[in-house]
Amino acid sequence: MPNPLFIVLEGIDGSGTTTQLGLLERHLQGRGRPVHPTREPSGGPVGRLLREILLGGHRLPDGAPADGLAMALLFAADRRDHLSREIEPALAAGSDVVSDRYLLSSLAYQAQEAERDWVATLARDLRAPDLTLLLDLPVAVAAERRRAAGRALERYDADDVQARVAARYRELVAGDPRATVIDARGGIEDVARAVAVAVDRLL
Ligand SMILES: Nc1ncnc2c1ncn2[C@@H]1O[C@H](COP(=O)(O)OP(=O)(O)OP(=O)(O)O)[C@@H](O)[C@H]1O
Ligand SMILES: [Mg+2]
């Protein structure tokens, strides 16, 4: 069995990470590789809590949203749990792991509400992905895709937040040999082809 790969899809909300997760899973399976698809927030206890908070749950009676630093800690806790409970065992069993979001999401999103260095410290010693694919597209296009999909408004969905997250993502991957920027403006199949080309370079 070839070396199992840990591949991560990243991008602003509506950039297509979930769509591409399924297509990349099929692509790798077509290459004869076992694949474990997963996502963050994970399906574990902290991940489930995070999903509820992101959709506006668990507010105090005064409507106050969860504290940004507390959110960063929860994302970091979920990632540790996700890694030890799901990602590492799958890789050890010989599967490629493809994750819809991982560390870069915290560095791009949580660092909007907490100090960058502190967010980075929370991520120390995490397994680094073999390849991170950044699905890059204009904020307005992503917002239109979310609207067309009838997506509920989430915590980080304001256009100005998304614009800052998009800019930070680009800074984070610039010059990183283990990251590739994918032009996500094209149709689903076009984007899938670009993702496949980037992944096939590792096989
Ligand atoms: N390349 C594309 N062209 C047009 N529409 C697309 C493309 N990729 C995805 N979509 C559509 O855009 C919507 C959002 O896609 P998707 O759910 O994959 O994005 P996402 O990045 O996972 O979003 P979120 O961050 O909210 O989870 C879906 O309705 C999907 O069918
Ligand atoms: Mg998604």
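Me: What makes you say that ligand 1 sits in the largest pocket?

Reply: A molecule sits in a cavity or pocket if more than half of its atoms lie within 2 Å of its grid points, and ligand 1 is placed in the largest pocket. A pocket here is an open set of points on a 1 Å grid over the protein atoms alone, with protein on both sides within 12 Å along at least five of seven lines. By the way, this is a predicted model, where local features need pLDDT of at least 70 and side-chain atom pairs count only at pLDDT 80 or more, while totals for chains, interfaces and linings use all residues. Residues are numbered from 1 along each chain as its sequence is written, chains are lettered from A and ligands numbered from 1 in the order in which they are written, and side-chain values use heavy atoms, with hydrogens and water left out.

Me: Which residues are the closest to ligand 1?

Reply: Gly16, Thr18, Thr19, Arg151 and Gly186 are the closest of the 16 residues that surround ligand 1. To be near, a residue needs one of its heavy atoms within 4 Å of the molecule.

Me: How do you know that Arg151 makes a polar contact with ligand 1?

Reply: A polar contact is a pair of N or O atoms within 3.5 Å. An N or O atom in the Arg151 side chain is 2.8 Å from an oxygen atom of ligand 1, so the pair qualifies. The side chain of Thr19 also has an N or O atom 2.5 Å from a ligand 1 oxygen.

Me: Why is Gln110 called buried?

Reply: Buried means under 20% relative accessible area, exposed over 50%, partly exposed in between (1.4 Å probe, protein chains only). Gln110 has 2% relative accessibility, so it counts as buried. Its side chain joins that of Tyr156 in a polar contact of 3.1 Å; within protein, one atom must be able to donate a hydrogen and the other to accept it, and residues adjacent in sequence count only if both atoms are side-chain atoms.

Me: And why does Leu153 count as exposed?

Reply: Because its relative accessibility is 73%. Leu153 is in the loop between helix 6 (139-148) and helix 7 (159-173); helices are DSSP runs (H or I, at least four residues), numbered from the N terminus.

Me: What makes the phi of Arg101 worth a look?

Reply: Most residues other than glycine have a negative phi. For Arg101, phi is positive, near 80°. Arg101 is buried, because its relative accessible area is 14%.

Definitions and conventions: 1 Å grid on protein atoms, 1.4 Å probe; cavity = no way out; pocket = protein on both sides within 12 Å on 5 of 7 lines; lining within 4 Å. Helix = DSSP H or I, 4+ residues; strand = E, 2+ residues; numbered from the N terminus.
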